[in-house]
Amino acid sequence: MDTAAIAREFTDMCAAGDFAEAGEAFWADDVVSLEPMPGDMARVEGRDAVARKGEWWFENNEVHSFEVEGPFVFENQFAVRFSMDVTPSEGERTMMDEVALYTVRDGKIVEERFLYGTE
């Protein structure tokens, strides 16, 4: 499967709300997830650790609605825009806007890098 096909299927799964299933289907065993923030979640390595990061996020945020745009593909990378209406467990309801940049190698996502919008 080429990058464009992976990008389409991965994005379609996310748009359907199947975020964990998309990761299970497409993450490499040594996938790296990068967030522009301090702390333990800034860099997470390995399929199991990235899955736990996702579980933690959904356990600590109530998602009221979300939109997925993309994918936007170039060579071995693709970007997806996520817009979410969320309430963090210890915070106020807010709109989140982020772009995720995914890098594909040998038919698997080897890196996901999240870029956040600012207001």
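In which helix does Lys-53 lie? Lys-53 belongs to α3, and the views below begin with this residue. The model is predicted, and local features are reported only at pLDDT of at least 70, side-chain atom pairs only at pLDDT 80 or more, while totals for chains, interfaces and linings use all residues. Residues are numbered from 1 along each chain as its sequence is written, and side-chain values rest on heavy atoms, with hydrogens and water left out.

View 1. Residues up to four places away in sequence set aside, Lys-53 touches Ser-33, Glu-35, Met-41, Val-44, Glu-112 and Phe-114 (contact: heavy atoms within 4.5 Å). Helices (H or I, at least four residues) and strands (E, at least two) are DSSP runs numbered from the N terminus.

View 2. The 13 residues of α3 reach 18 Å from first C-alpha to last, close to the 18 Å expected at 1.5 Å a residue (expected span: 1.5 Å times one less than the number of residues). An α-helix has 3.6 residues a turn, so residues three or four places apart point the same way.

**View 3. The buried face of helix α1.** α1 also has its span stated: 13 residues reach 18 Å between the first and last C-alpha, close to the 18 Å expected at 1.5 Å a residue. Thr-3, Ile-6, Ala-7, Phe-10, Thr-11, Met-13 and Cys-14 are buried in α1. Viewed down the axis of α1, these buried residues fall within an arc of 155°, so they line one face of the helix. Among the elements that cover them are α2, β3, β4, β5 and β6. Just after α1, Gly-17 adopts a positive phi of about 85°.

**View 4. The largest pocket and its lining.** The largest pocket holds about 850 Å³ of space. On a 1 Å grid over the protein atoms alone, a pocket is an open set of points where a 1.4 Å probe fits, with protein on both sides within 12 Å along at least five of seven lines, and lining residues have an atom within 4 Å of a point. Grid points are joined across faces, edges and corners, and the volume is the space filled by probe spheres set on the points. The lining comprises 38 residues, of which Glu-35, Lys-53, Gly-54, Trp-57 and Phe-58 are the closest to the pocket centre. At least two lining residues come from each of α1 (3–15), α2 (19–26), α3 (47–59), β3 (61–74), β4 (77–88), β5 (94–105) and β6 (108–116). Helix α3 supplies the largest share, 10 residues. By class, 21 lining residues are nonpolar, seven polar and 10 charged (nonpolar: Ala, Val, Leu, Ile, Met, Phe, Trp, Tyr, Cys and Pro; charged: Asp, Glu, Lys and Arg; polar: the others, Gly among them).

**View 5. Backbone geometry at Pro-71, Glu-75 and Asp-106.** Most residues other than glycine have a negative phi, and most peptide bonds are trans. Gly-70 and Pro-71 are joined by a cis peptide bond with omega about 10°, and Pro-71 is placed in strand β3. Glu-75, in the loop between β3 and β4, is not a glycine, yet has a positive phi of about 50°. With 62% relative accessibility, Glu-75 counts as exposed. Asp-106, in the loop between β5 and β6, likewise has a positive phi, near 55°. Its relative accessible area is 77%, and Asp-106 is exposed.

**View 6. Loop residues Gly-107 and Ala-16.** Gly-107 sits in the loop between β5 and β6 and is partly exposed, at a relative accessible area of 29%. Neighbours within four places in sequence left aside, Gly-107 is in contact with Met-1 and Ile-6. Gly-107 and Ala-5 are 102 residues apart in sequence, and their C-alpha atoms are 9.6 Å apart in space. Ala-16, in the loop between α1 and α2, is exposed at 54% relative accessibility. A distance of 13 Å separates the C-alpha atoms of Ala-16 and Gly-70, which are 54 residues apart along the chain.

Technical notes: Buried < 20%, exposed > 50% of the residue type's maximum accessible area, 1.4 Å probe, protein only. Arc of directions from axis to C-beta.
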